[in-house]
Amino acid sequence: MDTMESHRLWMERLLRRADRIGALGEVPVAAVVLDGKGRAVGWGINRRHHGQDPLGHAELVALGQAASALNTWRFPDCTLLVTLEPCPMCAGALIQARVGTVVFAAADPKRGALGGCLNLATDPSAHHHMKVISGVMGREAEEQLRCWFRQRRQRPGLCSENGGARSPGG
């Protein structure tokens, strides 16, 4: 299977997971770590509010699971996919974990740290440089987040009944 097609299929799954966590009141962001053979070794959803955990970002949760599953903290052959561009904390963790590739859907121009408001992946201080692929199902992820925040602020809009943009087959 083509890598971009594989990324799209994984992102569809992540958007469905994000829908479910968004329905529970958490910011709808989901992540997965794939090993070098494309198998999921770590899943994460945002759980800052429900877990009262400032480190409860989807990327960090997925990295923690992957570390346990693979018994390592280094992931040079792994790919992390996430529905929203990582923040500075998560981007720093991805660099520290030496993740090989990061794929994200929606860009975050206000807080994104892999090209949004800054790019830690290419910063001279980064001891590890990873491949970054942005915009895989970005429009769908942006709409999902836009609808979720609109509903949280009690502003009716053009969102689907479930609060997010539907991906094909989702």
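Trainee: Which pattern does the protein chain follow, read along the sequence?
Mentor: This is a predicted model, in which local features need pLDDT of at least 70, side-chain atom pairs count only at pLDDT 80 or more, and totals for chains, interfaces and linings use all residues. Residues are numbered from 1 along each chain as its sequence is written, and side-chain values use heavy atoms, with hydrogens and water left out. Helices (H or I, at least four residues) and strands (E, at least two) are DSSP runs numbered from the N terminus, and the protein chain has five helices and five strands. Along the sequence they follow α-β-β-α-α-β-α-β-β-α.

Trainee: What is the radius of gyration of the protein chain?
Mentor: The C-alpha atoms fill a box of roughly 45 × 35 × 25 Å along the principal axes. The radius of gyration is taken over C-alpha atoms, and the globule rule is 2.2 Å times the number of residues to the power 0.38. For 170 residues a compact globule would be near 15 Å, and the protein chain agrees with that, at 15 Å.

Trainee: How much of the protein chain is made up of buried residues?
Mentor: Buried means under 20% relative accessible area, exposed over 50%, and partly exposed in between (1.4 Å probe, protein chains only). Of the 170 residues, the buried share is 49%.

Trainee: Is Thr 79 buried or exposed?
Mentor: Thr 79 is found in strand β3, residues 79-84. Leaving aside neighbours within four places in sequence, Thr 79 is in contact (heavy atoms within 4.5 Å) with His 7, Val 32, Val 33, Leu 34, Thr 101 and Val 103. Its relative accessibility is 15%, so Thr 79 counts as buried.

Trainee: How are α3 and α4 oriented to each other?
Mentor: Axes are lines fitted to C-alpha atoms, for helices over the stretch in contact, and angles run from 0 to 180 degrees between N-to-C directions. Helix α3 (residues 58-70) and helix α4 (residues 88-96) pack at about 25°, with axes 9 Å apart. Angles under 35 degrees count as roughly parallel, over 145 as roughly antiparallel, 65 to 115 as roughly perpendicular and the rest as oblique. The two helices are therefore roughly parallel.

Trainee: How many charged residues are in the contact of α3 with α4?
Mentor: From α3, Glu 59, Leu 60 and Leu 63 meet Met 89, Cys 90, Ala 93 and Leu 94 of α4. Ala, Val, Leu, Ile, Met, Phe, Trp, Tyr, Cys and Pro count as nonpolar, Asp, Glu, Lys and Arg as charged, and the others, Gly among them, as polar. The contact divides into six nonpolar, no polar and, for charged, one.

Trainee: How are α1 and α5 oriented to each other?
Mentor: The axes of α1 (residues 3-23) and α5 (residues 138-152) come within 11 Å and cross at roughly 5°. That makes the pair roughly parallel.

Trainee: How many charged residues does the contact of α1 with α5 have?
Mentor: Arg 8, Leu 15, Ala 18, Asp 19 and Gly 22 in α1 meet Glu 140, Ala 141, Gln 144 and Trp 148 in α5. The residues divide into four nonpolar, two polar and, for charged, three.

Trainee: Is Met 137 buried or exposed?
Mentor: Most residues other than glycine have a negative phi. Met 137, in the loop between β5 (131-134) and α5, has a positive phi near 60°. At 4% relative accessibility, Met 137 counts as buried.

Trainee: Is Gln 52 buried or exposed?
Mentor: Gln 52 is in the loop between α2 (48-51) and α3. Its phi is positive, about 45°, although Gln 52 is not a glycine. With 65% relative accessibility, Gln 52 counts as exposed.
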